[in-house]
Amino acid sequence: QTPAFATMLSSSDFTSASWDLMVHVAHPNEEEQKDVTLRVSGDLHVGGVMLKLVEQINISQDWSDFALWWEQKNCWLLKTHWTLDKCGVQADAKLLFTPQHKMLRLRLPNMKTVRLRVSFSAVVFKAVSDICKILNIRRSEELSLLKPSGDSFKKKKKKDKNNKEPITEDILNLESSPTSSGPPVSPGLYSKTMTPMYDPINGTPASSTMTWFSDSPLTEQNCSILAISQPPPTPEMLADVYQSRSLVDKAKLNAGGHVSRLLLFSIYRREHLWEEPASGHLFCADLFPSTVYDAVRINQLYEQARWAILLEEIDCTEEEMLIFAALQYHISKLSLSADIQDFAKESEVDEVEAALSNLEVTLEGGKADNTLEDITDIPKLADNLKLFRPKKLILKAFKQYWFVFKDTSITYFKNKELEQGEPVEKLNLRGCEVVPDVNVAGRKFGIKLLIPVADGMNEVYLRCDHENQYARWMAACVLASKGRTMADSSYQPEVLDILSFLRMKNWNSASQVASSLENMDMTPECFVSPRCAKKHKSKQLAARILEAHQNVAQMPLVEAKLRFIQAWQSLPEFGLTYYLVRFKGSKKDDILGISYNRLIRIDAAIGVPITTWRFTNMKQWNVNWEIRQVAIEFDQNVSIAFTCLSANCKIVHEYIGGYIFLSTRSKDQNETLDEDLFHKLTGGQE
């Protein structure tokens, strides 16, 4: 006899345990898009649902790239062996059956638009890495995607209505690019043992831009198309794009950055959407000056720097603006010459030698004799300099002292004879802000120091007598602000870079300029910001640019681009990304500037830095996700906490973690990326 608690299940009872599941089929052909209802049960696996779906659609085609997207949960159901119960899918779920790879249009820093196929089932970090492989750009961890704000689209539409001429966009179509499938990519021109790769047809060393990623569609087209700088913009185009922005405006624009762990499909639902890759973390590692080895990356960095200068996204003096203009003019002239554009005709042997010499520098071969001396003997500077401390109601008067620079501190005395006694003051420069205060034409070589103290910033001005003295002391201050001494191997290169930049600024009027003006083939307003162009007459501006051009006229193309990038990186505001925040205990909003090595609290009303905190002094940071508050602890019991007002706190959290990740890279590392470490530092609550 059957027990009372036991029941027999019929086939009708099984069907009652199943339910209807609605799936929308997002077919590339709009006519084939439709809603399909499936009868499923909780123990059916995801792969079985897809199989039923394809059978019911009854269209003969390759469905291997299609997958299920869960609308409410914002996630892909990629684990096809999981059951619906395990995934949590029930009858109210809205599922979308759509291809994982879709077309995306990207506007690069050089204003060139590319159209390529990207995996929308990947997180942003992985998608950017795949895009960089297609475009032959190394160090993808330095980049991210920036979605333009809705306001910029509205402005463009208004302007387009007034413009009667149709807008044509030059788009580089890379539709055939395989980003997630296909054979493993090539390791580049050199293997991990620095063995050159050769062209299989003629036996010559293959161009690195061609072989860096062998499956890149750029290999089928002109490989140098993204490595050549674009012609200078017209004054009308600059005036159209230029917008004067305050720090608060810049902070609001940065809300468009995307967290690396977000799925690309959760951000971009439409297949054709304008996006702009922008530097997520401005901390450029090991740029190779070889003409083709890093040509695309150097050119894109140059273009980003050029537009940042022209649109005044970063502040610079008028003297620096003219140097940038001269370099742009020189680069545009070289880029138009036919012999420079033909990368295939360049000597590949020189490229091999350049890479080998770079390896020698990296390994620091032949410098063993100085190693012990560098460790035991920390150099010091001692010289007469002038000092000024700004105070209210006091005129700017410099007073001379005897200065001694050692380790990361400056000590100054009334005179040289009192050096062994008690100093007037000792300034610790670790974590300070170092700002150049230079006018070469006026023989002014100053250094502005903003030194963090308990109640804000201590402002000190130093004045040097000549450019050699300035270069030594400026380089020492820059290294000390990063916690490094003059024994560091980067001290002498820093001195030489500063001297080189000063010499570019040091130009004199000459008869050559007058003759050049008569045969002038440029529009000077194309090379400076619209605001700078309004201050000068066209001929006057052209004369000053040509004067500055005399000092860079002999530079090769790639060296000129590298000098432009280095000059851009030396500007005080370089690499700063701004966010509007409210600090704990404060009643007003402030601007938080995040750079590759520090955080800066800036007064939103007047734009003056209040306090600086270095990442090297950071103990830990965490985020309270419920109240969206970021809390950071530093050495010497310093703690700060703030809430983000202009952007998601995840973006700020990722910027901090991302820069710390970039600081862990060393020059002797290979091209492999520690993705796990990156996500540990930036992942947050995931």
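Predicted model: local features only at pLDDT ≥ 70, side-chain atom pairs only at ≥ 80, totals over all residues.

**Overall composition**

The protein chain contains 22 helices and 24 strands, and of its 686 residues 47% count as buried. Among the contacts in the chain between residues at least 6 apart in sequence, 63% join residues at least 24 apart.

**Strand pairs and hairpins**

Strands of a sheet pair through backbone hydrogen bonds, either parallel or antiparallel. The table lists several strand pairs of this model with the sense of pairing and the bridges.

| Strand pair | Sense | Bridges |
|---|---|---|
| S6 (residues 101–107) and S7 | antiparallel | 7 bridges |
| S7 and S9 (residues 171–174) | parallel | 4 bridges |
| S15 (residues 433–439) and S16 (residues 444–453) | antiparallel | 7 bridges |
| S19 (residues 590–594) and S20 (residues 598–602) | antiparallel | 4 bridges |

Strand S7 (residues 113–119) is mostly covered, with 6 of its 7 residues buried. With S6, strand S7 forms a hairpin that has 5 residues between the strands, and methionine 111 in the turn has a positive phi of about 65°; in this pairing, lysine 102 stands opposite valine 118 in S7. Strand S7 also pairs with S9 in the parallel sense, where arginine 115 has asparagine 173 in S9 as its bridge partner.

A hairpin is also formed by S15 and S16, with 4 residues between the strands and a positive phi near 55° at arginine 443. Here valine 434 has leucine 449 in S16 as its bridge partner.

**The antiparallel sheet**

An open sheet of 7 strands, with antiparallel pairing, has the order S21-S20-S19-S18-S24-S23-S22. S21 and S22 (618–624) stand at its edges with a single partner strand each, so one side of each is left without a neighbour in the sheet. The twist from one strand to the next averages 30°. Inside this arrangement, isoleucine 594 has leucine 599 in S20 as its bridge partner. Helix H21 (residues 649–663) lies across S18 (577–583), S19, S20, S22, S23 (629–634) and S24 (638–644), and runs at about 155° to S22.

**Arginine 614**

Is arginine 614 buried or exposed? Arginine 614 has a relative accessible area of 5%, and because residues under 20% count as buried, this residue is buried. Arginine 614 has its place in strand S21 (residues 609–614). Leaving aside neighbours within four places in sequence, arginine 614 is in contact with Gly431, Cys432, Glu433, Ser481, Lys482, Asn597, Arg598 and Phe634.

**Helix pairs**

Two packed helices are described by the angle between their axes and the distance between the axes. For H15 (residues 467–481) and H16 (residues 491–505), the axes come within 9 Å and cross at roughly 130°, which makes H15 oblique to H16. H15 passes H16 in a right-handed crossing. The residues that meet include Tyr470, Met474 and Leu479 in H15 and Val495, Ile498 and Leu502 in H16, and by class the contact has 12 nonpolar, 1 polar and 4 charged residues.

H11 (residues 318–336) and H19 (residues 538–549) pack at an angle of about 75° with their axes 8 Å apart, and are therefore roughly perpendicular to each other. Among the residues making this contact are Leu322, Ile323 and Tyr329 of H11 and Leu541, Ile545 and His549 of H19. By class, the contact of H11 with H19 has 9 nonpolar, 2 polar and 3 charged residues.

How values were computed. Residues numbered from 1 in each chain as written. Heavy atoms only, no water. Axes fitted to C-alpha atoms, helices over the stretch in contact; angles between N-to-C directions. Helix = DSSP H or I, 4+ residues; strand = E, 2+ residues; numbered from the N terminus. Parallel < 35°, antiparallel > 145°, perpendicular 65-115°, else oblique. Left-handed = near helix turned anticlockwise from the far one by under 90°. Contact = heavy atoms within 4.5 Å. Nonpolar A, V, L, I, M, F, W, Y, C, P; charged D, E, K, R; others polar. Buried < 20%, exposed > 50% of the residue type's maximum accessible area, 1.4 Å probe, protein only. Pairing = 2+ DSSP bridges.
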